[in-house]
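Please read the points below beside the sequence and the model.

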Amino acid sequence: MTIASAASVERALRRPATAAALALDPVPAGLLDDESRAWLHDLRAQGPVRDAAVERLHALLLRAARFEVSRRRPGLPHLRGDEFGDIALEAADDALMSVLARLDDFRGASRFSTWVYKFALLEAAVKLRKRAWQGREIPLEQESWDLLSSAGLAPADAAEQSELLAALQDGIAALTPHQRRILIALAINGVPIDVLADRLNTNRGALYKTLHDARRNLRTYLTKRGLDPLVSFEENH
Amino acid sequence: MQSPDFKHMLGRLLGPAKAEIGCDECFEQLDRYVDLQVAGQDADAALPGLRTHLHGCPACREDYESLRALVSAQP
């Protein structure tokens with residue numbers, strides 16, 4: 001662990017307990033597997049036992065962060081090799097702070113290792129997505145529908161698709177400006193949701209709620225026009 | 001019949017038709033979902049709405065795929 005990250009961890013540990021943590025009793029020991037119980041015991045200990053546990057935890061998180069970086073590396077050819085290492089280390093440091101600050105939130109619903117992995121993977125993924133979009137403009141408007149041409153379709157199918165496309169465009173135009181920008185950025189232009197949240201100074205949950213509302217309104221619009229919007233993502237993938 | 005590009009775009013625009021949970025709830029439940037799956041149990045019955053969210057949210061789906069792959073790779 002770096003000196004900087006150790007200091008950050010100590011700051012995290014001095015934070016007051018969350019309301020959620022205060023409201024919850026410690027997990028009954030009988031509900032935890034042996035490995036999870038040992039982790040919690042050591043991380044809640046004092047002195048050398050705890051220090052060693054924090055060190056082991058950081059190593060576990062770093063392994064997860066490197067795993068994520070390795071998975072995504074082929075899609076990020078413009079990043080240098082040492083940048084990947086730095087991102088993995090930063091992700092592990094940040095995940096360590098999150099895990100230690102939320103230790104009382106662990107309820108034993110999964111293995112402790114699985115629980116902590118998700119923090120490291122999330123931190124690494126968010127950092128990599130942000131790096132991939134660094135310096136790029138975020139498209140919030142749809143400039144062209146040309147990619148959705150009906151070339152190659154039979155005349156009847158092309159007419160049906162054109163009708164649905166026109167209804168979609170009308171339905172999108174009928175959304176609130178905020179819903180329209182979020183829908184276009186996320187669903188059409190493929191901007192990652194955490195990148196957009198960062199640029200708009202909001203969070204992933206709030207953006208997805210807006211996306212969900214926009215999608216629901218669009219479905220309702222199509223239904224009122226007598227079109228069948230039952231085709232869904234599950235049915236296409 | 002619609003073109004593949006159009007179908008793909010339609011799916012992304014309309015999202016899942018079924019009830020789904022949000023991103024925050026997905027993150028909270030993701031570790032249990034993966035552990036249940038890896039153990040061969042019915043994760044979808046235990047955590048309804050999560051799989052549907054993974055269909056509608058590419059970022060959460062990526063996070064899920066990574067966690068599933070990492071846990072599956074553990075001894």
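1. Helix 4 of chain A passes helix 5 of chain A in a right-handed crossing. A crossing counts as right-handed if the near helix is turned clockwise from the far one by less than a right angle, and as left-handed if anticlockwise. Helices here are DSSP runs (H or I, at least four residues; strands are E, at least two), numbered from the N terminus. Axes are lines fitted to C-alpha atoms, for helices over the stretch in contact, and angles run from 0 to 180 degrees between N-to-C directions.

2. On the model itself: it is predicted, local features need pLDDT of at least 70, side-chain atom pairs count only at pLDDT 80 or more, and totals for chains, interfaces and linings use all residues. Residues are numbered from 1 along each chain as its sequence is written, while chains are lettered from A and ligands numbered from 1 in the order in which they are written.

3. Which residues bring helix 4 and helix 5 of chain A together? From helix 4 of chain A come Leu57(A), His58(A), Leu61(A), Leu62(A), Ala65(A), Arg66(A) and Val69(A), and among their partners in helix 5 of chain A are Phe84(A), Ile87(A), Ala91(A) and Val99(A). Contact means that the C-beta atoms of two residues, placed from the backbone, lie within 7 Å. By class, the contact of helix 4 with helix 5 of chain A has 14 nonpolar, one polar and one charged residues. Ala, Val, Leu, Ile, Met, Phe, Trp, Tyr, Cys and Pro count as nonpolar, Asp, Glu, Lys and Arg as charged, and the others, Gly among them, as polar.

4. Helix 5 of chain A has 21 residues and reaches 31 Å from its first C-alpha to its last, close to the 30 Å expected at 1.5 Å a residue. The expected span is 1.5 Å times one less than the number of residues. Its buried residues include Phe84(A), Asp93(A), Asp94(A) and Leu96(A). A residue is buried if 20 or more other C-beta atoms lie within 10 Å of its own, exposed if 12 or fewer, and partly exposed in between, with C-beta atoms placed from the backbone.

5. Elsewhere in chain A, the axes of helix 8 (residues 177–188) and helix 10 come within 9 Å and cross at roughly 100°. These two helices of chain A are therefore roughly perpendicular to each other. The contact of helix 8 with helix 10 of chain A has six nonpolar, four polar and one charged residues.

6. Is Asp228(A) buried or exposed? Asp228(A) is exposed, with 8 other C-beta atoms within 10 Å. Asp228(A) is found in the loop between helix 10 (204–224) and helix 11 (233–236) of chain A.

7. Chain A comes to 11 helices and zero strands, and buried residues make up 33% of its 237 residues. Chain B has five helices and zero strands, and buried residues make up 49% of its 75 residues. The C-alpha atoms of chain B fill a box of roughly 45 × 25 × 20 Å, taken along the principal axes.

8. Within chain B, the axes of helix 2 and helix 5 come within 10 Å and cross at roughly 30°. That makes helix 2 of chain B roughly parallel to helix 5 of chain B. The crossing of helix 2 with helix 5 of chain B is right-handed.

9. The buried residues of helix 5 of chain B include Cys60(B), Tyr64(B) and Leu67(B). What do the buried residues of helix 5 of chain B pack against? Their partners are helix 4, helix 6 (112–132) and helix 9 (193–199) of chain A, together with helix 2 and helix 4 of chain B.

10. The contact between the chains takes 35 residues from chain B and 43 residues from chain A. Helix 1 of chain B gives the most to the side of chain B that touches chain A, with 10 residues. By class, that side of chain B has 17 nonpolar, nine polar and nine charged residues.

How values were computed
Angles under 35 degrees count as roughly parallel, over 145 as roughly antiparallel, 65 to 115 as roughly perpendicular and the rest as oblique.
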